[in-house]
Amino acid sequence: MKENLLPYPKDWNKLLNLFKNCFTKPQFNNFCQATTCIAVSQYSTINRWSKLFDKKHQSNLNDFFTESPWQEAIVHTRLSRLISKRVKDAHIGIIDDTLSHKPYARKMAYLGIFYSGKTKKKEKGHSIVTHGVHSNELGFVPFDLQLYKKDGRSKNDIACAMIERTQKHKRLPLYIIDSWYSNNHLLKKIRGLNSHYITEIKSNRNLHLNRRRRYVREHAKHIKEKDFTVVEIRSIKYRFFQTSAFINGLGNINLVFTQRYEESKGEWGEMHYLITDILSLPGKRVIELFLLRGGIEGFHREAKQHLGFESYQLRNDRGIERYLFLVLLVYALLLLLNQQLMRETFERKTIGELCSQLKAEYYTTMLQRAKYVKKEYLEQLAKELAYAM
């Protein structure tokens with residue numbers, strides 16, 4: 001049997017083997033190589049990846065993304081069950097989208113012009129809707145991901161489908177979503193599945209308060225300074241005013257007007273308007289829970305920085321979707337690897353640190369082999385690793 005250029009680390013290999021039954025033997029070989037390269041290589045090119053582990057022609061690995069008949073839905077179901085089984089403290093769902101910037105791309109499928117939260121202006125790229133769960137132990141754990149295709153389905157339709165699918169694997173009693181998704185269509189979907197929501201509404205959202213219907217920002221003008229309550233959350237000062245209100249189509253809601261204190265400016269910042277259908281939830285707790293939404297932004301940032309979530313060069317629609325899904329899978333497996341390490345060492349690592357640890361294990365293996373192999377082989381091995389990683 002042909003020996004791989006380098007063996008996969010033991011703990012990482014155990015996680016990959018959980019998906020073995022989802023593939024044929026050649027497909028599984030490519031799955032292991034692709035997912036591991038996503039984790040350890042600083043590049044996102046299949047040409048470089050084909051030089052690692054089981055060396056092969058790049059067309060073989062490229063076909064795994066674009067042509068191979070493996071079923072993403074089966075692999076996704078296996079991943080969902082794995083997360084549901086091992087992340088037992090996940091009870092909150094979080095939904096948001098991000099933009100994978102592609103300013104110079106021309107022939108990629110599903111390219112569009114979308115608003116970028118990073119640059120605060122419209123940019124060319126792929127809009128990606130993501131869904132995950134919050135864990136006190138692991139933070140944000142990605143659960144689902146869909147590329148927005150402009151095929152008639154809106155981002156809200158995609159989010160609704162994600163919520164419905166997730167509830168089949170993991171019962172989530174609460175969802176936290178930002179203002180883009182705070183529409184009646186999505187919020188009613190959440191309520192229809194017997195879950196609750198906390199979301200931010202835009203300043204021009206109409207609601208009934210004190211028998212008057214007007215924009216929520218107009219209501220905010222009538223709040224007196226003495227009516228605010230000041231609290232400290234994560235060593236940051238906030239103030240809030242809590243009341244009940246009514247929104248057409250949603251009914252009675254718990255409304256929290258809140259501002260963060262800007263230390264650098266010495267003043268209160270922009271007003272935010274949070275609502276939830278949990279009418280008895282205290283204002284401070286509403287803010288604390290809503291702040292958990294930042295975990296999904298961390299996922300987007302780390303996946304782009306360490307896992308090639310923004311640097312891929314595939315053009316084929318199927319290849320792009322499979323690549324993005326495998327990034328999500330790798331991120332989730334790294335968290336499960338971290339979970340195991342935390343229970344052994346009581347130390348939590350970042351995604352970047354976990355990627356570096358895997359890479360270090362490969363170089364350690366190379367050095368351990370050094371005394372058993374010829375110098376020419378070692379030199380060639382070092383060149384190939386330097387090119388691919």
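Reply: Buried means under 20% relative accessible area, exposed means over 50%, and partly exposed lies in between (1.4 Å probe, protein chains only). Keep in mind that this is a predicted model, where local features need pLDDT of at least 70, side-chain atom pairs count only at pLDDT 80 or more, and totals for chains, interfaces and linings use all residues. Residues are numbered from 1 along each chain as its sequence is written, and side-chain values use heavy atoms, leaving out hydrogens and water.

How many aromatic pairs turn up in a search of the whole structure? There are 18. One of them joins Phe 64 and Trp 70, a stacked pair with 5.0 Å centre to centre and 10 degrees between the planes. (Rings of Phe, Tyr and Trp, using the six-membered ring of Trp, pair if their centres lie within 6.5 Å; planes under 30 degrees apart count as stacked, over 60 as edge-to-face and the rest as tilted.) Phe 64 counts as buried because its relative accessibility is 1%, and Trp 70 counts as buried because its value is 1%.

Now back to the rings we began with. Phe 114 and Tyr 148 have ring centres 6.0 Å apart and planes at 65 degrees, so their pair is edge-to-face. This pair links distant parts of the chain: Phe 114 belongs to strand β2 (residues 112-116), while Tyr 148 sits in the loop between β4 and α6 (155-169), 34 residues apart. (Helices, H or I of at least four residues, and strands, E of at least two, are DSSP runs numbered from the N terminus.)

Phe 64 and Trp 70 are also members of one aromatic cluster, which includes Phe 19, Phe 23, Phe 28, Phe 31, Trp 49, Phe 65, Tyr 312 and Tyr 323.

Arg 48 lies over the face of Tyr 43, at 3.8 Å from the ring centre, and Lys 237 lies over the face of Tyr 261, at 4.9 Å from the ring centre. For this, NZ of Lys or CZ of Arg must be within 6 Å of the ring centre and within 35 degrees of the ring normal.

Next comes the core. The largest nonpolar core has 127 residues, and Trp 12, Phe 31 and Leu 333 touch the most other members. Its largest share, 18 residues, comes from helix α11 (residues 317-345). (A nonpolar core is a set of buried Ala, Val, Leu, Ile, Met, Phe, Trp, Tyr and Cys residues joined through side-chain atoms within 4.5 Å.) Not counting residues up to four places away in sequence, Trp 12 touches Thr 35, Thr 36, Ala 39, Val 330, Leu 333, Leu 334, Leu 337 and Leu 358. Contact here means heavy atoms within 4.5 Å.

On to the helices. Helix α2 (residues 25-40) has 16 residues, and its first and last C-alpha atoms are 23 Å apart, close to the 22 Å expected at 1.5 Å a residue. (The expected span is 1.5 Å times one less than the number of residues.) Because 13 of the 16 residues of α2 are buried, α2 is largely enclosed by the rest of the structure.

Helix α10 (residues 294-306) has 13 residues that should span 18 Å, which agrees with the 18 Å between its end C-alpha atoms. Its buried residues are Ile 296, Gly 298, Phe 299, His 300 and Ala 303, and they pack against β1 (92-101), β3 (121-135), β4 (139-147) and α11. Just after α10, Gly 308 takes a positive phi of about 70 degrees.

Finally, the loops. Most residues other than glycine have a negative phi. Yet Arg 234 has a positive phi, near 55 degrees, and Ser 235 has one of about 65 degrees. Arg 234 lies in the loop between β9 (229-233) and β10 (236-247), and Ser 235 lies in the loop between β9 and β10 as well. Arg 234 is exposed, with a relative accessible area of 54%, and Ser 235 is exposed at 68%.

In the loop between β5 (174-177) and α7 (184-192) you will find Ser 179, which counts as partly exposed at 23% relative accessibility. The C-alpha atoms of Ser 179 and Lys 202 are separated by 6.0 Å, although these residues are 23 places apart along the chain.
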